[in-house]
Every structure is written in C-alpha cells, then in structure tokens.
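User: Hi! I have a model open and would like to go through a few local details with you. Could we start with a side-chain contact?

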Amino acid sequence: MMRNFLVYLLAVFIGIAPVSVHANEGIVIDEEVPIEMDEEENQSPESDGRIPSDNFEEELNAMFENLGSQVHNKTALTSATGKGPDNIPYMYILQHGTPAALTIMNLLTGMVTKTFTLEHSTSAWGIEVDEHQNVWIGGTSSGHLYQYNPYTKKLIDAGNMLRNKRDTAILDISVSDGKIIGSTAYNGSIFSYTPSSQEYKDYGQISRGKEFAKSVQFDNQNKKIYIGVGSKAELIRYDIRTKIRKRFLPKEYRNEKYISDIKMADKYLFAQTDPGKKLLVFDKKSLKLLKEFDIDSKTVSPKDPTQDRVYFTKGGMLLFYDLNDQEVKSTEVSLGNRSAITLDFIELHNAEYPGVTLTGLLTNSGEYFLYNLETGKYEKRQAELTPLPVTLYTMLETKEKDKILVNGYMSGGIGFYDINQKTTTDFKDMSQIESATFMNGKYYFGAYPNARVIEFKLDNENLSNSKTAEIVRFKDFGHDRVTALLGDERSNKLFIGAYPETGLGGGLLSEYDFTTQNTRVFENYIPDQSIISLTQIDGYVYGSTTVFANHKRSNAPATLFRFSVDNPEQAEILPFTIKASMISSLLYDGNDKIWGMQMESYLTTILKLDTPSILKSHQLFRDVSKTQNLYLDQMETYMVQLKAYYSVQTQKP
C-alpha cells in the first residue's frame, strides 16, 4: 500500500527535501519480511484555518482518503556482485520505489531469490561488497546505511548517517578494511563509519559551495579519499592524516557539471566527467593526467583479476583500457544499442563460464550481460524484477473529468485512476513528467530527462492503444526539464518554459507552432530564473518563476510576467509585493483573478491576484505545508480545494 500520496513537483532541482531525522540504528529486517508497503489507516485531517477575508468565510474541512499506490515500475538503478554460501554467485540490484528495494539474484540460474524493502529510502545509488561479502548500501532520502549479510540472510538498517542540515542523500560509498566512506548531497559532505566500533566521523562539506559529492573512492592503504564533486566539477584528494585537500582536476574540465564516477586500479585513478562523458586517467600518486578518452558506460570495471586492464563501453561495444601500453582496445563484443550501467567480476563455477566472468546491468529494466574472460562467451539476460510502487509526481484530470492521470517520480509511468470505478490502470510508456497541458484533443507532457515535449493521444476505450510522440526537445540548449506548458488553440501554439541544467543564465521560453511545426526559442527569458507556471487570459500569457536555475539562486525574488500570444519575445514584468523563492500553480478563475502559490522555506501561501495589471495580491493562508498543486472548483462560491493527498496544515494568519 502507498505511504504518502505525495506530489514532488520541482523538488529535485530546487533542492527541497525533508529535514533529516535520526532513526533507531541497528534495526534487523528479517528475510521473511514480504515486499509490500505497510498498511496505514485512512486519515481525515481537519484544518482550523480560516480565509482572512470577508468574502471567504468557509472553514476548511478537507477529508482525505488513501486511494492506494497508483504507479508501479521495475526500475534497476545500480548493482554489485558477490558470493554467498557454497560460492553461490549473486547480483545485488537496487530498485527505485517507495520504498526502494534490494533484489538478490542468483547469477548462475538467473532466479531472484529475495527482495528486501529499504525503509526510509526511495532510491539508493551507493552499493559495494566488502571483503567478507557483506553488501553495503547508501540510501536516499534520509541517508540511511544498510548492510546485507548473505550468510545470515539478514538486512540491517544501520541508521541515518547524515549530520548536516542540508544533506538528504548518500550518493556514493567506498568500503575498505572495515570502514565505509560515504559522500552526500546537498551539502556535499564526506563521512566515515566503522561498523565494528560504530565509530562515526563527519568530514563536513568537502569543497565550499559544492552541493554534490557525487563519487568517492577510499585508498585505505595510503589513508586518502578521492572525491568527485559538483556543480561545477572538481576532483579532490583528501589526506585523512594531514587533513590536506588537493584539487587536481585540469582547468579544461572544470566547466563540466560533475565527476560522476571514480575508480582505482593499481597506481591509476579513473574519473568520469558528466555530461561530457570523458574518462580521465590519472597517476594516483602524482595526480598527473595521463590519458583521456570517450565513454558511455556509467562506470569502468575494477581491474581485471586475470590481466592488466579495465573494461568500459562505448558506441555499443565492450572495450578495455590496457594499463601497460595505455591504449583503448576492443573485445569485439557488440552490446547492440546498450551501454553498461555497472561492471563487475564474478566466478560462476560453471563449465560454460569457467574462471572469471565480467557482468553488469545494461538497462534500467534489469537487462544484464555475462562475458567470460577465458572463453569469450557472451550472453544477455533479463532479471525478473518485482514491480514497486513509486512516489507520485505530477497529477491532472482528463478533459472528460472521469479519470485522474498520476505520473511516477524518476522512473515514470502513468496511473489512470477511474473516479467512478475506483480502479487504476497502468500505462508504462512514459518517463517522468514535469508539466502538462491539453489542446486540440491531445495531452502534451514536459518529460524528463532531456527537456522533451511529448504528445499523448489518449485512447479512453483501450488505454494500451494510447500513442506517444516527441515533438521537440531542448537538451542542446543545456536544459533537462520542461517545467511549464500552455496550449493556445486560437493561435495553434504551445508555449513552453524550461529549467537549465548546464550553460549560463536562466530558463528558456519557447513557442511551438503546430501549423508550421516551427519552434522559436528565447533563452534566459527571465534572467537567472526558471519559468515554472503559465496561464492565459484574453490574448495574454501570464507566467511565474523560481529563483533557481543551473543549480544557482538568483539574487532577485521570483517574478510574475506576461506577454502577448502574438509577441512572446516581449515580456512585461508585473508588480508583485511578496518576496518569494517560487511562485507556482497559476490558475485563471474566469473572473479576472489569477490564483497561485508562493513557497519559501517549506511554507506555501495561497495567493489571489487581481488582473490584468496585478496591482494587488491577497495572502489567503499562511503555512500551508507540503503541497505544490492547487485546484480550483466552483470559483463563484470562492471555495479553494487543495489536492495534495499528503497533509494540509494551516494556521490562522
């Protein structure tokens, strides 16, 4: 069952996350715990807040019913390999979900033997197997560390490892000689934890102003930690004994967003840039850059236990880097259109796969490969993953108002909830949706990643026959998220607002003309801010922004603006008296008023804005927390309905 029917709109890129709290440490999760969400009682919270206006005398009395999980996906994030009793070879797969899960698969038979839920985590990116074959996992979104022992078949929650207020996630871990080193976001911190003594050490933010410590490797022999940070990218060597930090990323790579992966092999250090997808080879001692080459796998393998090489993928081929002559060479194995997500070595103890075999995930759906180093035998297989409920992200009604479409966070998918039948139907062919609009009988979704606009033709009779088509994308403009969409049927145009991930300045505004199929793009439309909401009145489009763009914060407060449908390049900035970090959910009520919300430090205010000049704004509520969707019903009665399906807490102004 679903825990919290929570809408996460914009939470990722504006850096909002729940405040970390320390859970009880050392909780043992027995192997027999089934993979399901805990049952929760239906909640009917009541509000004691009143609208501070003579025209708003109605008392909020919102009744909430848990409608259950709406979207389920099989999404493999990453993996590691290890062995259990009798040398049984395992692949440990981390799955995205609410909560996330650890799936244990026998690599020899391909059978999944067990799936554990990872309470307190919706994702998990850091995973490593230690010398005793214990599996260590670093989770989000409350920074819990987990240990799985294949001999006892127990999963232990070691507790929350985050000690900094801004940290919400463990991004990577490195394990050596009984010590775990972890890296975090959004404070970009480093910590160490020794399970045998429960000794914990917080090294704090590793580089001032860098929020993401994306990758980490621990050189226990020399007592040094190598950290890849962002944004923008930097490489740092931290000496535990001297506490000296050495920056060593060459200048020409410092405009990259992250160093997304670090690996060690003998005297070499491998660091991967993101989004540039360059693999940099350093001398680990001198920190001198030795080599650079292209890569499309998310990582390189550890050192081949049989030869002096490490493996990676590029252009659908399995390649290796020869540590002796420092040249890239091919195994002649074609992966088709796949690139490796993970790469690791394992002994299968099988006649068809003698000695050492290279394995790893190829897709987020759980496809993996086996490549035997001795015989050259190559095989692709599919892991049978358990579907997990995922956090709900974007929600809207169908035009007919008979169904609610709910999209899943990160792994995508749509759940169609039939209001009358009270049933849900899944539609898998859709990624994460940031925004949506309806025009000309079709839905248009702002899809993540690559800032794509997807046309969706809904077949109400048979949902499986619904069609999707991409009409435009903005990846080449340095954008990853389409955060605002508005369709204007009179002009047959679609207006698009986007959030930048790389590059300079703020988000773009774009106009897509369905008649000509031409796209016009206006970059940095509101300087150093991102457009997140659009609505329309009488030939004008009204928009609002967030102060965040390119993972930076604008010095100016969030902005209200408008432009003529026929002349979008000329923006008129509108007066707005409340200083906010985000103005969202703009809706026109058909009666010369725009409604919206402003959010600051987890608090949301519902606004009523007089139009067209918006010379006056009315604060209706203070401290409406943990909701980012506004839905207006029967505006002539001036009733405000909040549809968040989580919690609505109000206080009297």
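Analyst: Happy to! The backbone oxygen of Leu318 sits 2.7 Å from a polar atom of the Thr331 side chain. That is a polar contact, meaning a pair of N or O atoms within 3.5 Å; within protein, one must be able to donate a hydrogen and the other to accept it, and residues adjacent in sequence count only if both atoms are side-chain atoms. This is a predicted model, where local features need pLDDT of at least 70, side-chain atom pairs count only at pLDDT 80 or more, and totals for chains, interfaces and linings use all residues. Residues are numbered from 1 along each chain as its sequence is written, and side-chain values use heavy atoms, with hydrogens and water left out.

User: Thanks. Which backbone nitrogen does the side chain of Thr331 reach?

Analyst: That of Val333, at 3.2 Å.

User: And where is Thr331, and is it buried or exposed?

Analyst: Thr331 is in strand E25, residues 327–334. Helices (H or I, at least four residues) and strands (E, at least two) are DSSP runs numbered from the N terminus. With 15% relative accessibility, Thr331 counts as buried; buried means under 20% relative accessible area, exposed over 50%, and partly exposed in between (1.4 Å probe, protein chains only).

User: What is Thr331 in contact with, leaving aside its neighbours within four places in sequence?

Analyst: Tyr311, Leu318, Phe320 and Tyr371, where contact means heavy atoms within 4.5 Å.

User: How do E24 and E25 pair?

Analyst: They are antiparallel, over six bridges; two strands pair if DSSP finds at least two bridges between them. Met317 stands opposite Ser334 in E25. E24 and E25 form a hairpin with four residues between them, and Gln326 in that turn has a positive phi of about 55°.

User: What about E23 and E24?

Analyst: Strand E23 (residues 309–314) runs antiparallel to E24, and six bridges join them. Here Thr313 stands opposite Leu318 in E24. This hairpin has two residues between its strands, and Gly315 in the turn has a positive phi of about 60°.

User: How many residues of E24 are buried?

Analyst: Five of its six, so strand E24 (residues 317–322) is mostly covered.

User: Switching topic: what is the strand order in the open sheet of four strands?

Analyst: E31-E32-E33-E34, with antiparallel pairing. Strands E31 (392–397) and E34 (423–427) stand at the edges with a single partner strand each, so one side of each has no neighbour in the sheet. Neighbouring strands of this sheet are turned by 25° against each other on average, direction ignored. For angles, axes are lines fitted to C-alpha atoms, for helices over the stretch in contact, and angles run from 0 to 180 degrees between N-to-C directions.

User: How many bridges are there between E31 and E32?

Analyst: Five, pairing E31 with strand E32 (residues 403–408) in the antiparallel sense. Met395 stands opposite Val406 in E32.

User: Now charges. How many salt bridges does the count come to?

Analyst: It comes to 26 salt bridges, a salt bridge being a side-chain nitrogen of Lys or Arg within 4 Å of a carboxyl oxygen of Asp or Glu. One of them joins Lys284 to Asp219, with the closest N and O atoms 3.5 Å apart. Lys284 lies in the loop between strands E21 (278–283) and E22 (289–294), and Asp219 in strand E15 (residues 212–219), so the pair ties together parts 65 residues apart in sequence. Lys284 and Asp219 are both buried.
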